Amino acid sequence: MSDGIRCMWMRGGTSKGGYFLKDDLPSDPAERDALLLRIMGSPDARQIDGMGGADPLTSKVAVVSKSDQYGVDVNYLFLQVFVDQAIVTDAQNCGNILAGVGPFAIERDLVMANDGTTSVSIFMENTGQTAIAEIETPAGRVNYAGKARIDGVPGSHAPVPLEFRDTAGSSCGALLPTGNEVDVIDGVDCTLIDNGMPCIVMKARDVGITGYETREDLDANSELKQRIEAIRLKAGPIMNLGDVAEKSVPKIMLVAPPRDGGAVTVRSFIPHRAHATIGVLGAVTVATACLLGSSPAAEVADIPGGQKKKLSIEHPTGEMSSILKVGKTGEVESAALLRTARKLMDGVVFP
């Protein structure tokens with residue numbers, strides 16, 4: 001390890017982190033996690049002695065390998081490296097970091113690129129689900145430049161459309177792990193839901209805020225954070241997640257009526273800090289909650305008609321649109337979102 005470990009640092013969506021080939025990391029999970037903590041510089045609030053950016057959104061890792069599953073190109077394991085705790089967890093997926101997996105797989109010759117666009121099928125090991133990424137590959141090389149813009153990221157880049165299939169209950173075993181559209185926890189109506197990301201959806205006003213606060217205001221509101229954490233700890237076991245005190249899921253989603261022409265406004269916690277935007281699979285899950293008639297999200301959302309619904313999820317720095325295909329009986333059959341990615345560094349990192 002003294003010679004360094006090959007890695008690529010990439011921005012995926014509104015997150016950033018290290019992308020590694022599985023074979024370049026220790027096979028033992030404990031050794032791997034200890035190594036990644038050193039690489040990121042955790043535990044330290046500044047991560048000054050590592051590559052982490054002192055924020056959960058920039059302390060992430062993708063572990064990628066060639067897949068031996070039929071119809072799947074690569075396997076992707078997401079690891080969240082905590083900033084100020086010595087914790088590395090695979091308890092959740094990350095749809096933002098997912099946006100960089102396709103380009104990385106092509107760059108590392110795990111997938112042969114076409115001239116034009118290349119579809120990369122990705123098995124998400126954390127949840128056992130598959131996503132399809134469309135990557136621009138003119139002349140057989142990954143293109144990162146383009147005109148696609150996503151809120152939370154400056155400038156424009158090549159589009160990376162992501163399609164998710166069969167994500168319901170990916171972590172909790174069912175879309176609604178309790179079987180209810182609404183559960184009351186500490187006197188607050190909550191929808192406990194998992195359509196790719198385990199989430200607790202509740203109305204912002206039910207916990208004493210408007211839902212339009214800035215990230216900084218939310219992070220400074222210790223009373224709010226204590227209240228929603230108490231709800232999260234009680235929700236964990238009944239969502240089939242067990243004790244979640246040291247887990248990054250479920251996420252908290254505080255919803256309010258839209259203000260800028262979208263479907264719903266969201267302020268999310270991941271789980272102990274307010275999110276600058278919203279996670280990709282968190283957006284899919286909130287959008288799904290909006291379609292449940294008695295959920296807190298449905299009470300405040302503006303839902304378009306039709307079986308193919310585009311739901312714009314407003315967040316602190318803009319919006320994220322989720323396109324849901326709804327079946328005849330109302331179930332969500334698939335979800336698609338637009339992300340972008342950019343290669344930032346390719347080389348070796350020293351633990």
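## Around helix α1

Which residue takes a positive phi just after α1? It is G41, with a phi of about 85°. Keep in mind that this model is predicted.

At the other end, where α1 starts, a side-chain oxygen of D28 comes to within 3.2 Å of the backbone nitrogen of A30. The helix covers residues 29–40, and at 1.5 Å a residue its twelve residues should span 16 Å, so the 16 Å between its end C-alpha atoms agrees. Buried residues of α1 are R32, D33, L35, L36, L37, I39 and M40. Their cover includes the strands β1 (5–12), β2 (15–21), β3 (60–66), β4 (74–81), β5 (88–89) and β17 (341–349).

## The largest pocket

Next, the open space. The largest pocket has a volume of about 260 Å³. Its lining is made of 13 residues, and P56, F82, V83, D84 and R273 lie nearest the centre. Seven of the lining residues are nonpolar, four are polar and two are charged.

The largest cavity, at about 170 Å³, is lined by 18 residues, with K60, Q92, K251, H275 and G279 closest to its centre. Helix α6 gives the most to this lining, with three residues. By class, the lining divides into eight nonpolar, eight polar and two charged residues.

The second largest cavity holds about 50 Å³ of space. Its lining residues include P103, I135, Y144 and A341, and the lining has eight nonpolar residues, one polar and one charged.

Technical notes. Residues numbered from 1 in each chain as written. Predicted model: local features only at pLDDT ≥ 70, side-chain atom pairs only at ≥ 80, totals over all residues. Heavy atoms only, no water. 1 Å grid on protein atoms, 1.4 Å probe; cavity = no way out; pocket = protein on both sides within 12 Å on 5 of 7 lines; lining within 4 Å. Points joined across faces, edges and corners; volume = space filled by probe spheres on them. Nonpolar A, V, L, I, M, F, W, Y, C, P; charged D, E, K, R; others polar. Helix = DSSP H or I, 4+ residues; strand = E, 2+ residues; numbered from the N terminus. Expected span 1.5 Å × (residues − 1). Buried < 20%, exposed > 50% of the residue type's maximum accessible area, 1.4 Å probe, protein only. Contact = heavy atoms within 4.5 Å. Polar contact = N/O pair within 3.5 Å; in protein donor to acceptor, adjacent residues only side chain to side chain.
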